[in-house]
Amino acid sequence: PYHIEVDGWSENNAGKGKIGTTKKGIGPTYTDKMARCAFKIQDLYSFEALNEKIDMILPVKNKTLEKVYGIEPYTKECILSLCEKYAELFKPYVCFEWQDMLNRFKDKSILFEGAQGVMLDVDYGTYPFVTSSNPIAGGAVTGSGYGPTMIKDVIGVAKAYVTRVGEGPFVTELADETGKKIQEIGHEYGVTTGRARRCGWFDAVIMKYSVLVGGITKVALTKIDVLDSFDEIKICVAYKDCRNDKIYTSYPTDVFIHKYLEPVYETMPGWETPLSDIKTYDDMPENAKKYISRLEDLIGAPINIISVGPDREQTIFR
């Protein structure tokens, strides 16, 4: 029922244009992984494995390139040459004794950092407007090789407002001067693509959902200083379906109804004073504390880390 394009799903899906991927080949790579026709890093260092896999995979890929995309086929020699170059490039970063390494470090304190976020998770995010992997905390387990019982704490990182790069549902999006103001003050432009990020008020519905499926034990709230100049600050506490006035306080995972959803807001007074030089939570303005406290109540997790600027010393630990 869908018209597939190289960049993702087109106008025929949720009526919202393309997914808005970075066009770096991540999707096709994961497609091959799940189709079990991909190379593994270790294959680059085994001529026998590489040779056999190319013989199996290349004819299928060439047929697709020729018939679907009208692209000239690759030769086996060309692929072997590419693999040789990548083998040399990756070699300093490849650990063949990785099981021994896991055993050596299993009693150490290790921080795993995840990219993207829960709402871009291929299973739990706003599918199909998602990435190709599992950036929820559980992804650290499969990505690192350490079992789930090794994870002691999960810190969810959230801005004091919401942003999104690319297409997909965004209930609290501000397509007005307020959204533009947040975008400019927060310098909200994609690191990889340079595209302007879409901006909106904090969405406690998706953050509560993220705490649940991400197993988040504490939250780091960032960029709260971006809201310094606002006299009023809104928090989305629920969604309303404009077709029937149904209220959702839990995140509805059917993204095809999101075009009918409107945010239900609570409005809080702003603090209207700069936070960037504040060093302790006690010194924060009362309205900023009330905002943080209300977020904690809504999302069901403590906010233990607050950043009031981009520098390391602008991080407040509670």
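This is a predicted model: local features need pLDDT of at least 70, side-chain atom pairs count only at pLDDT 80 or more; totals for chains, interfaces and linings use all residues.
Residues are numbered from 1 along each chain as its sequence is written, and side-chain values use heavy atoms, with hydrogens and water left out.

Nonpolar cores were considered first. In soluble globular proteins, nonpolar side chains tend to be buried together. A nonpolar core is here a set of buried Ala, Val, Leu, Ile, Met, Phe, Trp, Tyr and Cys residues joined through side-chain atoms within 4.5 Å; buried denotes under 20% relative accessible area, exposed over 50%, and partly exposed the range in between (1.4 Å probe, protein chains only). The largest such core comprises 38 residues, and F202, I224, L227, M284, Y291 and I306 have the most contacts inside it. Two or more residues are given to this core by each of α7 (204-214), β7 (218-222), β8 (232-241), α8 (286-299) and β11 (303-307). Helices (H or I, at least four residues) and strands (E, at least two) are DSSP runs, numbered from the N terminus. Helix α8 supplies the largest share of the core, six residues. A second, separate core has 16 residues, including V205, C236, Y248 and V255.

The surroundings of I306 were then examined, contact being defined as heavy atoms within 4.5 Å. Residues up to four places away in sequence aside, I306 touches L221, I224, Y281, M284, I292, Q314, T315, I316 and R318. With neighbours within four places in sequence left aside, Q314 is in contact with S276, I306, S307, V308 and G309. Two further partners of I306 are R318 and Y281: the charged end of R318 sits over the ring of Y281, 3.9 Å from its centre. A charge is taken to sit over a ring if NZ of Lys or CZ of Arg is within 6 Å of the ring centre and within 35 degrees of the ring normal.

Six aromatic pairs were found in a search of the whole structure. Rings of Phe, Tyr and Trp (its six-membered ring) pair if their centres lie within 6.5 Å, and planes under 30 degrees apart count as stacked, over 60 as edge-to-face and the rest as tilted. Y45 and F96 form an edge-to-face pair, because their ring centres are 5.4 Å apart and their planes lie at 90°. Y45 is in the loop between α1 (26-34) and α2 (47-67) and F96 in the loop between α3 (76-90) and α4 (98-105), so the pair ties together parts that are 51 residues apart in sequence. Y45 is partly exposed at 27% relative accessibility, as is F96 at 49%.

The pair of W201 and F230 is likewise edge-to-face, with centres 5.7 Å apart and planes at 75°. This pair links distant parts of the chain, 29 residues apart: W201 is in the loop between β5 (198-200) and β6 (202-203), and F230 in the loop between β7 and β8. W201 is buried, at 6% relative accessibility, and F230 is also buried, at 6%. The charged end of K181 sits over the ring of F230, 4.2 Å from its centre.

Salt bridges number twelve, each requiring a side-chain nitrogen of Lys or Arg within 4 Å of a carboxyl oxygen of Asp or Glu. In the bridge between D55 and K76, the closest N and O atoms are 2.9 Å apart. D55 belongs to helix α2 and K76 to helix α3, so this bridge ties together parts that are 21 residues apart in sequence. K159 and E188 also meet in a salt bridge (2.9 Å, N to O). K159 is in strand β3 (residues 155-159) and E188 in the loop between α6 (177-185) and β5, 29 residues apart. E188 is buried, with 0% relative accessibility. Salt bridges that share partners join K159, E188, R197 and K223 into one network.

Finally, the structure holds zero disulfides, a disulfide being a pair of cysteine sulfur atoms within 2.5 Å. The sulfur of C37 is too far for a bond, because the closest cysteine sulfur, in C83, is 14 Å away. C236 is in no disulfide, and its nearest cysteine sulfur, that of C242, is 14 Å away. C37 is partly exposed, at 24% relative accessibility, whereas C236 is buried, at 0% relative accessible area.
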